[in-house]
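This briefing is written for a reader who is meeting the structure for the first time.

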Amino acid sequence: VQLQASGGGLVQAGGSLRLSCVASGRTRGIDNMAWYRQTPGNQREFVARISSGGSTSYTDSLKGRFTIARDNAKNTVYLQMNSLKPEDTAVYYCYADQRVCIECPQFETWGQGTQVTVSS
């Protein structure tokens, strides 16, 4: 499977952005899709996750401002980011894990990242 993220850009503090990530190729068996972010010199950190059944989880500090959603028919995961702050500036990466059968190994795939810059 390949993941293509889009929707990043420059926004003023308090603004909103919606990121999209489309999965293509062999998409059968995709379970969790998620967003992570990374700033220079730091480890990639978890932002939000959504399962194929729609269960969601968020990093605590982002609850209430960020919302993850998914359209399984379009193999797309979204991240709605509201009330953005300068500290949200990062490269945002989408992630998917996939298992084509119960006994099969799980594969993880990362997208290429999309830059989000929030100006003060």
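Which residue does the side chain of Arg65 meet in a salt bridge? In this predicted model, the side chains of Arg65 and Asp88 form a salt bridge, with a distance of 2.8 Å from N to O. The count of salt bridges comes to 4.

**The pair Arg65 and Asp88**

- This pair links distant parts of the chain, since Arg65 lies in the loop between strand S6 (56-58) and strand S7 (66-71), while Asp88 lies in the loop between S8 and S9, 23 residues apart.
- Arg65 has a relative accessible area of 12% and is therefore buried, because buried means under 20%.
- Asp88 also counts as buried, because its relative accessibility is 1%.

**The pair Arg37 and Asp88**

- Asp88 also meets the side chain of Arg37 in a salt bridge, at 3.0 Å from N to O.
- Here too distant parts of the chain are linked, with Arg37 in strand S4 (residues 30-38) and Asp88 in the loop between strand S8 (76-81) and strand S9 (90-98), 51 residues apart.
- Both Arg37 and Asp88 are buried.

**The network**

- Through salt bridges that share partners, Arg37, Glu45, Arg65 and Asp88 are joined into one network.

**The pair Lys63 and Asp60**

- The side chains of Lys63 and Asp60 meet in a salt bridge as well, with 3.3 Å from N to O.
- Asp60 counts as exposed because its relative accessibility is 62%, and exposed means over 50%.

How values were computed. Residues are numbered from 1 along each chain as its sequence is written. This is a predicted model: local features need pLDDT of at least 70, side-chain atom pairs count only at pLDDT 80 or more; totals for chains, interfaces and linings use all residues. Side-chain values use heavy atoms; hydrogens and water are left out. Helices (H or I, at least four residues) and strands (E, at least two) are DSSP runs, numbered from the N terminus. Buried means under 20% relative accessible area, exposed over 50%, partly exposed in between (1.4 Å probe, protein chains only).
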